[in-house]
Amino acid sequence: MRAPGNLTVVGLGPGDPQWLTPAASAALVAAQDLVGYHAYLDRVPAMSGQQRHGFDNRSESDRARLALDLASQGRRVAVVSGGDPGVFAMAAAVFEAVDAGPLAWRALDIRVEPGVTAMLAAAARVGAPLGNDFCAISLSDNLKPRAVVEQRLRAALAGDFVIALYNPASLARPGQLGAALRIAAEVRGPETPVIFAHAVGRPDERVAVECLAKAQSMAADMATLVVIGASATRSIDRGSDAIPFVYTPRSIRARC
Ligand code: SAH
């Protein structure tokens, strides 16, 4: 009888190999097939006898179906994903495919190995900006209407959440982050700290903190995570050359 296959969706973390969990690492070593976006596969050390199936950035559903197909043929498959695979990433694509696919896929051994998501890595670089209630919003309009993005942003601002913005910019939507920051400035004070964390954990990492009034002038690309502070978020100045500490206090006074 053929050995049962399995599929693990593995979070690689933001980039630094030291941020790859031992469990994620073990899942990569155990795999016979690695499936993923080329740039993520490049981060995984080559192992003899392992098959690699590289894809471009847009084909998440194809990646998921190929991985499920391989697992149902008895292969041990790892689908690799940057950061955490459950945060705007491949784990949801795999379960969408299971939901829509052949019934046999539901019996497969499918696991998710978590990773350090960009929001946590970026927050750790500056202090504790996520120290109180926060939310994450993807600004990408590939998979949801732009009106929904704006509606959720306004709701998060009204709720006074710290807001982590994933996918803040792309060539196809150059003005979108600026528009989001203008909406934030309608509600939050000009001194509100905004964190721009580019390529955290990679050689080209750049992290900067700017107040909301000046945040429009900051550059962001697809490798940047932007965090907009809540009304209580504070930055602690450390002199001209040092990045300030940013934190959100744990307690909130009752408002009446
Ligand atoms: N699953 C990933 C997120 C995928 S969405 C995770 O958990 O981190 C892609 C977005 O994540 C990027 O546009 C960027 O906003 C953010 N991102 C991913 N890696 C990053 C890094 N090393 N530094 C800063 N932002 C990153």
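This is a predicted model: local features need pLDDT of at least 70, side-chain atom pairs count only at pLDDT 80 or more; totals for chains, interfaces and linings use all residues.
Q: What makes β12 and strand β13 (residues 245-247) a pair?
A: Three bridges join β12 to β13, and the two run antiparallel. Pairing asks for at least two bridges found by DSSP, so β12 and β13 qualify. Within this pair, S235 stands opposite V246 in β13. Residues are numbered from 1 along each chain as its sequence is written, and side-chain values use heavy atoms, leaving out hydrogens and water.

Q: Why are β6 and β12 called edge strands?
A: Their open sheet has three strands in the order β6-β13-β12, with mixed pairing. Both β6 (127-128) and β12 (234-236) pair on one side only, which puts them at the edges. As for the names, strands are DSSP runs of E with at least two residues, helices are runs of H or I with at least four, and numbering starts at the N terminus.

Q: How do you know which strands of the five-stranded sheet are its edges?
A: The order in this open, mixed sheet is β7-β8-β11-β9-β10. The strands pairing on one side only are β7 (134-138) and β10 (206-211). From one strand to the next, the twist averages 20 degrees.

Q: What makes helix α6 a neighbour of this sheet?
A: Helix α6 (residues 146-158) packs on the sheet and touches β7 and β8 (162-166); contact means heavy atoms within 4.5 Å. The direction of α6 makes about 165 degrees with that of β7, on a scale from 0 to 180 degrees between N-to-C directions of lines fitted to C-alpha atoms, for helices over the stretch in contact.

Q: What residues line the largest pocket, and from which domains?
A: A pocket is an open set of points on a 1 Å grid where a 1.4 Å probe fits, with protein on both sides within 12 Å along at least five of seven lines; lining residues have an atom within 4 Å of a point. Here 50 residues line the largest pocket, with Y40, E60, F88, N167 and M222 nearest its centre. Domain 1 (6-116) and domain 2 (119-247) each give at least three residues to this lining, with bounds from an automatic or database assignment.

Q: How far apart are the C-alpha centres of domain 1 and domain 2?
A: They lie 28 Å apart. Even so, the domains touch: the contact takes nine residues from domain 1 and 11 residues from domain 2.
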